[in-house]
Amino acid sequence: MAIIKKFRITTFKKEINKITLKKISLSYNRRQILDDVSFNIREGEICGLLGPNGVGKSTIFNIIVGLVKPNYGDIYINQKIVTDLPIYKRSIDFGLSIVPQTGGVFSNLTCIENLKAISEIVIEKKEERNFKIEKMISKFELDAVKNTKAKHLSGGQRKKVSIAMSLMSDPKIILMDEPFQGLDIMSTRDLQETIVNLQTEDNKRCCIISDHAARDLLAISDRAIILANKKIIAQGTPTELINNKNAKNFYFGDAFKIS
Ligand SMILES: Nc1ncnc2c1ncn2[C@@H]1O[C@H](COP(=O)(O)OP(=O)(O)OP(=O)(O)O)[C@@H](O)[C@H]1O
Ligand SMILES: [Mg+2]
């Protein structure tokens, strides 16, 4: 399984909570989506967030960044309560960044212009901006399309621009909502490596990643959380989850293997 990740970082790291959701409940138009959901994401870990369509994964990301306020419960970042903190404060104070499931780019701007727009907000020193933009263009192999408007890019290319934009600020906490969606095999592998490198470069950085490419996600995850029927039904290391009865019954099914 762990062809990319050679070790599970949590085996030697102290367990410091970076993000905590405590007793979160949320309903949309009286339809309950999340019911008493609590979990911790630890400093330095890559944590997968899995579950069937519509279970509330993107909603959880929106709750963490502050786009959605839960009906009940609290959110903590770095062990500080942030439930009433606006989006920009969570982003600036805690280095929080998100790759949204859809969008995330300005359609009428080119790749370079998208990155430039973000760089002007998140990178203080002018001289560092171009260097970082070039680095991202090269990392995500966007050179051939760097002057193409985002609306004319392929789905995978657009996703790469959105991921590159989220990394411009050197975030400490990265939320990625379906980052593998639309990526080809080699690009998937490259992104897996990029994510593992983000962890290696800064061993306090944490990533929460949701994706339906469960095999690709578990290959780089230290831990994962599985949601079903409004609740967390299992959490643990990939190996623990594969052997978990609830995870099998509600999410993986019988035939799923990770090696
Ligand atoms: N603003 C909203 N108003 C009403 N219902 C919403 C809203 N946002 C999300 N929902 C509903 O909440 C549920 C959870 O949606 P969410 O996008 O979090 O699911 P998900 O787990 O990310 O699914 P997927 O794997 O398909 O991306 C869905 O039933 C969706 O229709
Ligand atoms: Mg989603």
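Residues are numbered from 1 along each chain as its sequence is written, and chains are lettered from A and ligands numbered from 1 in the order in which they are written. Because the model is predicted, local features need pLDDT of at least 70 and side-chain atom pairs count only at pLDDT 80 or more, while totals for chains, interfaces and linings use all residues.

**Domains**

The chain is assigned domain 1 (16–95 + 172–252) and domain 2 (107–170), with bounds that come from an automatic or database domain assignment. Between the C-alpha centres of domain 1 and domain 2 the distance is 24 Å. Their contact involves 9 residues from domain 1 and 7 residues from domain 2; two residues are in contact if their C-beta atoms, placed from the backbone, lie within 7 Å. On the side of domain 1 that touches domain 2 there are 3 nonpolar, 5 polar and 1 charged residues. In this classification Ala, Val, Leu, Ile, Met, Phe, Trp, Tyr, Cys and Pro count as nonpolar, Asp, Glu, Lys and Arg as charged, and the others, Gly among them, as polar.

**Helix packing**

Helices are DSSP runs (H or I, at least four residues) numbered from the N terminus. Axes are lines fitted to C-alpha atoms over the stretch in contact, with angles from 0 to 180 degrees between N-to-C directions.

| Helix pair | Axes | Angle |
|---|---|---|
| H3 (residues 111–122) and H5 (residues 155–167) | within 9 Å | roughly 20° |
| H3 and H4 (residues 126–139) | 10 Å apart | about 135° |

H3 and H5 are therefore roughly parallel to each other, whereas H3 is oblique to H4. Angles under 35 degrees count as roughly parallel, over 145 as roughly antiparallel, 65 to 115 as roughly perpendicular and the rest as oblique.

From H3, the residues Cys111, Asn114, Leu115 and Ile118 meet Val161, Ala164 and Met165 of H5. This contact consists of 6 nonpolar, 1 polar and no charged residues. Towards H4, the H3 residues Cys111, Ile112, Leu115, Lys116 and Ser119 meet Arg129, Lys132, Ile133, Met136 and Ile137. Here the division is 6 nonpolar, 1 polar and 3 charged.

**Ligand surroundings**

The residues around ligand 1 include Tyr28, Asn29, Ile33, Lys57, Ser58, Thr59 and Gln101, where near means a C-beta atom, placed from the backbone, within 6 Å. Helix H1 (residues 57–65) gives the largest share of this shell, 3 residues. The shell has 3 nonpolar, 8 polar and 1 charged residues.

Note on methods: Helix = DSSP H or I, 4+ residues; strand = E, 2+ residues; numbered from the N terminus.
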